[in-house]
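Visitor: Could you walk me through this structure? I'd like to ask about it piece by piece.
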Amino acid sequence: MTGAAAVPIYQVSMFDQPGLDQPGEFDYARSGNPTRKSLEGVLAKLDEGAGAFAFGSGMAALSTVLMLFSAGDHLVVTDDCYGGTYRVLTKVFSRFGLKATFVDTSDPDAVKAAFRPNTKGLLVETVSNPFLRRTDVTAMSILARTYGALLIVDNTFLSPYLSRPLTEGADIVIHSATKYLGGHSDVVAGAVVVRTPELAKEVYFLQNAVGAVLGPQDCFLLQRGIKTLQVRMERQVRTAGALVRWLGTRPEIREVFYPGTGAVVSFRLAHDAMAATFVESLRLPLLGVSLGAVESIITVPARHSHASVPAAERERRGITDSLIRFSVGLEDVEDLQADLANALGRSFREAA
Ligand SMILES: *Cc1c(COP(=O)(O)O)cnc(C)c1O
């Protein structure tokens, strides 16, 4: 007991045992590490779960959860899900006999129609990407319960500060902790939080068996990021709300998409031809594929997050160059508005 204000980084792979028949709490650091244990305790509390597990990325967290299923099992999945989720299901787990049907999970009737006798899981995102449609977790939990399927919710876009799906009937929550939980664009990590001690036992078994654990340095960084989750989210949500109202008044913008909460906003520029000049004229936001950081991040889904979706399918879904996703950071709202106004004006004039 040192009274240290932050959790120490136990940079260690094994632990000396007290005696031959006296195992210590920790033995080998894939199975358990004190820094990771501290972080996992925080993650479980944030989501009000019976247990939490830290992974090397959001995809490692999701892939480990998918290993709860077996060949021949079927999943119903949000259709505009994260591209990596679509890829791992259709290109990797499909080879092991796990089947998936993709439907619009903001429509409970469509979800119901997709259930089959072998449906063992329902995988949804609280807010879809890039159109930011909300999925009703309570409605999904009623359907999952009726059909005896596990409800898995990817809550990356809202974070536990804005949404706690386990309290609305979800069985498992997944986060790409790379985004809001970490919050500083400096760590790649994933989290799984479960509702029951039985699921905690199963996921712990897989975390140790498969081994995609988060290292102690990254556990430390993630726990440090989480300390400011509340103040970051409050400020970012407030700025996002102000920008949504302001964007709605701009003649250079055709449509604004916002789920009513969160700090990610999507909007459609008046012309596809505006995209390049628009993003290149912005000075504050970073341009690229992540979200949920202290820096605002601008993404062109057609070129970044959804570039792997076939062009015809992208067109059908309205994911063209004019669609912009904006993850609102901690910059001053007036600075962001001035930057956006300049880039909108310049790109609109050029495309006219
Ligand atoms: C980023 C992201 C993931 C993947 O997480 P990584 O940490 O990049 O592996 C999964 N789901 C959603 C919604 C994401 O935004």
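Visitor: How far apart do the C-alpha centres of domain 1 and domain 2 lie?

Guide: The C-alpha centres of domain 1 and domain 2 lie 26 Å apart. The domain assignment of the protein chain gives domain 1 as 34–226 and domain 2 as 229–351, with bounds that come from an automatic or database domain assignment. Residues are numbered from 1 along each chain as its sequence is written. This is a predicted model, in which local features need pLDDT of at least 70, side-chain atom pairs count only at pLDDT 80 or more, and totals for chains, interfaces and linings use all residues, while side-chain values use heavy atoms, with hydrogens and water left out.

Visitor: And how many residues of each domain are in contact?

Guide: On the domain 1 side there are 24 residues in contact with 31 residues of domain 2, where contact means heavy atoms within 4.5 Å.

Visitor: Why does the largest pocket lie between the domains?

Guide: The largest pocket lies between domain 1 (34–226) and domain 2 (229–351) because both give residues to its lining. A pocket here is found on a 1 Å grid over the protein atoms alone, as an open set of points where a 1.4 Å probe fits, with protein on both sides within 12 Å along at least five of seven lines, and lining residues have an atom within 4 Å of a point.

Visitor: What volume does it have, and which residues lie nearest its centre?

Guide: The volume of the largest pocket is about 580 Å³, counted as the space filled by probe spheres set on grid points that are joined across faces, edges and corners. Its lining has 30 residues, and M59, Y82, G83, G84 and T85 lie nearest the centre. The elements that give two or more residues to this lining are α2 (58–66), α3 (83–92) and β6 (172–176), and the largest share, seven residues, comes from α3. Helices (H or I, at least four residues) and strands (E, at least two) are DSSP runs numbered from the N terminus.

Visitor: What's the lining like by class?

Guide: The lining of the largest pocket has 11 nonpolar, 14 polar and five charged residues. Ala, Val, Leu, Ile, Met, Phe, Trp, Tyr, Cys and Pro count as nonpolar, Asp, Glu, Lys and Arg as charged, and the others, Gly among them, as polar.

Visitor: What about the second largest pocket, which residues lie nearest its centre?

Guide: D79, D80, E313, R316 and R317 lie nearest the centre of the second largest pocket, which is lined by 15 residues and has a volume of about 270 Å³. Two or more lining residues come from each of α3 and α11 (311–316), and by class the lining has seven nonpolar, two polar and six charged residues. Domain 1 and domain 2 each supply at least three residues to this lining.

Visitor: Switching to helices, at what angle do α1 and α8 pack?

Guide: Helix α1 (residues 34–46) and helix α8 (residues 216–226) pack at about 35 degrees with their axes 9 Å apart; axes are lines fitted to C-alpha atoms, for helices over the stretch in contact, and angles run from 0 to 180 degrees between N-to-C directions. Residues of α1 including L39, V42 and L43 meet residues of α8, among them C219, F220 and I226. By class, this contact has nine nonpolar, three polar and one charged residues.
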